[in-house]
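Hi,

Here is the structure I promised to pass on. Have a look at it first, and then read my notes below.

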Amino acid sequence: MALNLPRQHLRRMKKIRNRKGYDLNISGAPSDALATLSVPATVAALPERIPFIKPRLRVKTGDPVQVGSILYEDKTDPRIVFASPGGGVVGDIVFGPRRVIREIVIALDQEETAVTFPALTETDLDGISRDDLVARLLEGGVWPLLRELPFRKIASPDSRPPSIIVPLDAREPFRPSPERYLTEETHPLFVFGLNVLKRLSDKLIVFTDPRRKGICRTFKNELTHTIEGRYPADDPGVLLYHLRRGPEDNRAWFIDGQDLLLLAGFLRRGTLPTERLFVVGGSGVAERQHVRSRLGAPLKHLVLAEPACPEPRYVVGGVLRGYRGNPEGHAGLYETAVNVLPEATERDFLNLFRPGFNKPTRSRTFVSAIKNVPMAMDTNVNGGRRACIACGYCSDVCPVDILPQMTLKSILAEEVEEYLAHGLLDCVECGLCSYVCPSKIELVETFRQTKFEYHKEQVS
Ligand code: SF4
Ligand code: SF4
């Protein structure tokens with residue numbers, strides 16, 4: 001199967017080097033082993049975890065559903081709908097404070113059935129109009145897999161992006177390794193997916209880390225860029241930052257490599273694929289590996305062995321960008337990692353005056369900085385919030401050259417023009433500034449919230 005690429009894609013692959021960022025040296029990395037799990041009893045959709053939408057239910061408890069039935073829509077644009085990751089009966093619909101819809105749980109049937117659409121061949125793809133293609137992706141509920149920068153919200157079906165970025169990398173500890181899902185076998189489907197994207201934008205950017213030799217070899221005809229450097233060099237926003245011509249050049253769509261396979265699989269077969277590759281890691285669990293399961297699988301189903309600590313905390317998503325998951329809950333649409341960390345039950349007495357032989361540190365506060373071995377990470381933040389001491393650690397690590405401390409000051413002073421000039425919209429929400437800050441200032445949370453409020457104001 002040939003990729004219909006314009007001349008720009010046939011030029012030599014471009015190499016980029018990201019000079020900032022930081023690699024956490026923590027233990028608990030998952031192995032490359034891959035376990036295929038049995039079918040869980042339930043799967044779920046998590047509207048609460050989709051940013052920028054206002055979910056409206058299309059089902060109620062007790063309704064029968066098929067794989068691909070629509071469970072909810074975005075009230076602000078009802079064309080954006082979300083498909084059921086399983087076939088069975090709608091069980092609990094879990095609400096949070098202010099009736100936020102947290103989970104729509106599906107109790108799976110023994111024999112699941114699926115909503116079917118006409119399957120699309122390579123030749124059909126050449127003949128279908130862009131509008132019809134967009135309509136099919138929307139109708140099938142796979143459109144939300146396409147997201148747009150700078151706000152990282154679901155792509156607008158009415159726009160044509162300057163480019164679409166496909167990262168084939170994973171540098172945040174711990175995420176599924178692309179080598180596990182991008183293989184010789186999945187290569188044709190991946191190329192089909194790129195041809196779909198090619199209908200949506202004139203420019204595709206497909207990149208990986210040059211050290212991923214297997215990916216570079218198998219996908220040599222599809223890769224347009226490589227990027228070297230520390231976390232978060234795998235982020236589409238970081239790549240865009242390096243490629244753009246000016247600050248206003250900050251728009252692009254992006255889709256993760258595994259999600260592109262899902263989108264392509266839906267079009268090719270006419271039914272929603274339900275398989276998902278996850279990774280289970282962290283120092284709080286003994287069995288750390290890749291697991292093949294279902295979209296929206298229960299977290300406890302993914303963590304095979306009992307946690308190896310008395311009070312485990314489930315972090316869903318990467319260690320730095322993830323969120324605290326309910327162990328009784330499920331994985332969301334974008335989540336592919338579960339990290340189990342020991343809950344820090346006690347604060348260390350006189351923590352700052354202890355040598356800290358076994359604490360992960362970037363600021364060289366602890367003796368562990370001179371040991372080059374991975375350290376166990378728990379949920380202890382090692383101290384309380386203090387005023388900014390102008391140490392500059394946050395700007396040292398920021399991959400998109402923001403001065404986080406100055407940006408925070410402008411946000412607190414409500415100086416919109418000033419925080420935009422500092423590059424707030426370039427923030428890729430990597431969490432490094434908060435991680436390295438010795439004063440424990442919640443920089444990334446403030447930036448994420450401010451971007452959200454700014455977007456809301458722009459839209460209204
Ligand atoms: S300001 Fe944003 S991009 Fe920079 S380190 Fe903080 S979270 Fe990452
Ligand atoms: S790392 Fe924290 S304390 Fe240091 S300059 Fe940045 S915000 Fe201030």
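To start you off: which residue in β19 is the bridge partner of Y314? The partner is G325. Before going further, keep in mind that this is a predicted model, so everything here is computed from it.

β18 and β19 (residues 323-325) run antiparallel and are joined by three bridges. They form a hairpin with six residues between the strands, and G317 in that hairpin takes a positive phi near 100°. β18 also pairs with β20 (residues 337-342), again in the antiparallel sense, this time over five bridges.

Is β18 enclosed or open to the outside? Four of the five residues in β18 (residues 312-316) are buried, so the strand is largely enclosed by the rest of the structure.

V338 turns up again in the core. The largest nonpolar core has 107 residues, and V338 is among those with the most contacts inside it, along with I164, L263 and C433. Which helix gives the most to this core? That would be α7 (residues 257-269), with seven residues. The core draws at least three residues from domain 1 (7-27 + 148-269) and at least three from domain 2 (385-460).

Leaving aside its neighbours within four places in sequence, C433 is in contact with C394, V397, C398, P404, L443 and V444. Two of these names, C398 and V444, come back around ligand 1. That ligand is surrounded by 16 residues, and the closest are C398, C427, C430, C433 and V444. The elements giving two or more residues to its shell are α12 (432-436) and α13 (443-459), with α13 giving the most, at three residues. By type, the shell around ligand 1 splits into 14 nonpolar residues, one polar and one charged.

Now for ligand 2, which has 14 residues around it. The shell around ligand 2 has 11 nonpolar residues, three polar and no charged.

There is also an open sheet to look at. Its four strands come in the order β3-β9-β8-β5, and the pairing is antiparallel. Which strands sit at the edges? They are β3 (42-45) and β5 (64-65), each of which pairs on one side only. β5 is joined to β8 (residues 88-95) by two bridges, with the strands running antiparallel, and P64 stands opposite V89 in β8.

Finally, some totals for the whole protein. The secondary structure comes to 13 helices and 20 strands. Of the 460 residues, 43% count as buried. Taking contacts between residues at least 6 apart in sequence, 70% join residues at least 24 apart.

Over to you!

Conventions. Residues are numbered from 1 along each chain as its sequence is written. Chains are lettered from A and ligands numbered from 1 in the order in which they are written. This is a predicted model: local features need pLDDT of at least 70, side-chain atom pairs count only at pLDDT 80 or more; totals for chains, interfaces and linings use all residues. Two strands pair if DSSP finds at least two bridges between them. A residue is buried if 20 or more other C-beta atoms lie within 10 Å of its own, exposed if 12 or fewer, and partly exposed in between; C-beta atoms are placed from the backbone. A nonpolar core is a set of buried Ala, Val, Leu, Ile, Met, Phe, Trp, Tyr and Cys residues joined through C-beta atoms within 7 Å. Domain bounds come from an automatic or database domain assignment. Two residues are in contact if their C-beta atoms, placed from the backbone, lie within 7 Å. A residue is near a molecule or strand if its C-beta atom, placed from the backbone, lies within 6 Å of it. Ala, Val, Leu, Ile, Met, Phe, Trp, Tyr, Cys and Pro count as nonpolar, Asp, Glu, Lys and Arg as charged, and the others, Gly among them, as polar.
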